[in-house]
Amino acid sequence: MQNALLIGLSRQMTLERQMDVIANNVANANTNGFKADHSLFEEFLNSNAREDNFIASDRRVSYVQDRGTFRDTGPGPMEMTKNPLDMAITGDAYFAVQANGGERYTRDGKFSLNSTGQLVTSDGNLVLGTGGPITFQPTDHDINVAPDGTITVLEGTAKTDSIRGKIRMVSFDDPARLTKLGANLYAAGSATQQAATKSTVQQGYVEKSNVNSVGEMSRMVEVMRSYTAIANLLQQQSDMHKSAIEKLADVPA
């Protein structure tokens, strides 16, 4: 296969995977606490020349390779909900939750109570406090969450606050090294936990996705145009080779 075709195909393959990343970002533009992913590309040099009479600069062919993806860990905008159970973290920390696979982490603070009065995520995972799952009593009211995550309530006719727990916030040395599991959850992966000393909780707010919808749609159009342009170039190359073969066939022996 000609080098031009190989280079074009390598670019089309990376564009296809870039489109998958962009489509996933767009699909999660309204997902609370979602962090956008972006593609990384690099030049891959390879030599396919087999003759010794090529000059040095012609012996190496430059392909396109998608090295991987990186996560934008920047905060999303805060949206006021006025729901006393909704919480958003200001800072780089994550909520700790108990999922089927063990302890997991999320930025989605859209919380509610399950049938037993435990604080849970929208998927039903238990929200962890510093002492384990946080449980409310049926007579609790006037829920208040302090910036440090301490939850207090008024129980029944009592006029003094009762503490129900303290939201466990977890920070990491490098949040980009967290392993994305889906369902807006992360595993620690190779990241190391640190004390969340610079993060606070805002009650009555949720953090929205940090996806820039306009920017992602612009990138999607750009990828589609690039893919079409390369397809046209490959077709022209194919037509040129076909024409050359036909003309060589007409040359008298």
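Which backbone nitrogen does the side chain of Ser-199 reach at 3.4 Å? The views below take up this point and a few others. The model shown is predicted, so local features are given for pLDDT of at least 70, side-chain atom pairs count only at pLDDT 80 or more, and totals for chains, interfaces and linings use all residues. Residues are numbered from 1 along each chain as its sequence is written, and side-chain values use heavy atoms, with hydrogens and water left out.

View 1. The side chain of Ser-199 reaches the backbone nitrogen of Asp-92 at 3.4 Å, and that of Ala-93 at 3.3 Å. A polar contact is a pair of N or O atoms within 3.5 Å; within protein, one must be able to donate a hydrogen and the other to accept it, and residues adjacent in sequence count only if both atoms are side-chain atoms. Ser-199 sits in the loop between strand S17 (193-195) and strand S18 (200-203). Strands are DSSP runs of E, at least two residues, numbered from the N terminus. With a relative accessible area of 6%, Ser-199 is buried (under 20%; exposed is over 50%, and partly exposed in between, with a 1.4 Å probe and protein chains only).

**View 2. An open sheet of 3 strands.** The order is S11-S12-S13, and the pairing is antiparallel. Strand S11 (140-145) and strand S13 (161-166) are the edge strands, each pairing on one side only. Two strands pair if DSSP finds at least two bridges between them; S11 and strand S12 (residues 150-155) have 4 bridges. Look for Asn-144, which stands opposite Thr-152 in S12.

**View 3. Lys-82, a residue with positive phi.** Lys-82 is not a glycine, yet its phi is about 65°. Its place is in the loop between strand S3 (78-80) and strand S4 (87-90). Lys-82 counts as exposed, at 69% relative accessibility.

View 4. Ala-183, a residue other than glycine, has a positive phi near 55°. This residue is found in the loop between strand S15 (179-182) and strand S16 (185-187), and at 56% relative accessibility Ala-183 counts as exposed. Ala-183 also lines the largest cavity, along with residues including Thr-106, Asp-108 and Asn-184. A cavity is a set of points on a 1 Å grid over the protein atoms alone where a 1.4 Å probe fits but cannot get out, and lining residues have an atom within 4 Å of a point.

Terms used
On a 1 Å grid over the protein atoms alone, a cavity is a set of points where a 1.4 Å probe fits but cannot get out, and a pocket is an open set with protein on both sides within 12 Å along at least five of seven lines; lining residues have an atom within 4 Å of a point.
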